[in-house]
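Visitor: I would like to learn how to read a helix and the strands beside it. Where do we begin?

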Amino acid sequence: MQNYKQEQKPDQNQPKQPRSLVKTFLWFGIGIATLLITGKGAIFAYQQWLSHHEQRVFLETMEDLIINKDFVECMNKALDIPESSQNHYNAQFFLNQCAQGQLDQANKVVKAQELKPVDENYTLAINLAKQIPSSSSVYNQAQDAILKWNEKLKQVLGVEGFPDGIYLYHNEKEYDRYIILQKQGNTILGTRYTFQSDDIVCFRGVIRRNLVEEVIGIFYGIDFIPEIKDIDPIDLSKWYRISWDKASKSSNHALQYAYNNRDIRLESCREDFAEQIP
């Protein structure tokens, strides 16, 4: 028997897949993959470019602010940069640079002689230093400077720089003469008297440094009918201030009297002024 393999002919009824269509699908798939790969690369490249662009713009902006000595705006922009940003390191650098510039500027103001009176220099320097944020490297230096300048300002301003409150003064030349005054802002209400005497005057005025100006007073005594009169300015630098703590512990009767009657004396003056000036 003859062995042979029967040749199998293709089914004439089954449609044949064109080779060109197969190639089309193949290349289409490769194209899709290539597009995805190159697309991701393009996105990454764009992100990198955008990041570098933002950093460059930030650096140029901050450098311009430093050149123009706009240190407050510089510090504010630095503080706006979050820790997650690529600009965070640069922001911290500029924050410290601008804070130092702000402190240097404040120091120059204190040493300058352009502003008169001198207290304006201290006030301006303090306000400049107060704008330095706590996260900067010179914050502690700024706080030390503010404390020092505040003390200098108090010395320059004298009584004008005192906190609002009630104060006791003694005239060293006229041993029995005292002043009890209440400071509220720049307004002064007080009484000047001689201990155990009818020599009494209530007064009101405006404090400028150690001088009470624009003073009006009400005089009392046997020979006086109480009425409001203009009186001379009162220079408190010529009077000695006594603390209420010292007065309360003193055995001096005049000081004890002042301590125990300070509120009564001032209230009496306030009522008399209200009667004289309805």
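Guide: In α7, the residues A254, L255, A258, N261, R265, L266, C269, D272 and F273 are buried (under 20% relative accessible area; exposed is over 50%, partly exposed in between, with a 1.4 Å probe and protein chains only). This is a predicted model, where local features need pLDDT of at least 70, side-chain atom pairs count only at pLDDT 80 or more, and totals for chains, interfaces and linings use all residues. Residues are numbered from 1 along each chain as its sequence is written, and side-chain values use heavy atoms, with hydrogens and water left out.

Visitor: What counts as a helix or a strand?

Guide: Both are DSSP runs numbered from the N terminus: helices are H or I with at least four residues, strands are E with at least two. Helix α7 covers residues 253-276.

Visitor: By how much does α7 bend at N261?

Guide: A bend is the angle between axes fitted to the seven residues ending at a residue and the seven starting there. For α7 at N261 the angle is about 65°.

Visitor: Which residues does R265 touch?

Guide: Contact means heavy atoms within 4.5 Å. Leaving out residues up to four places away in sequence, R265 touches T191, Y193, I200 and Y257. R265 has a relative accessible area of 13%.

Visitor: How do β2 and β3 run?

Guide: Strands pair if DSSP finds at least two bridges between them. Eight bridges join β2 (residues 177-184) to β3, and the two run antiparallel. Y178 has Y193 as its bridge partner in β3. Of the eight residues in β3 (residues 187-194), seven are buried.
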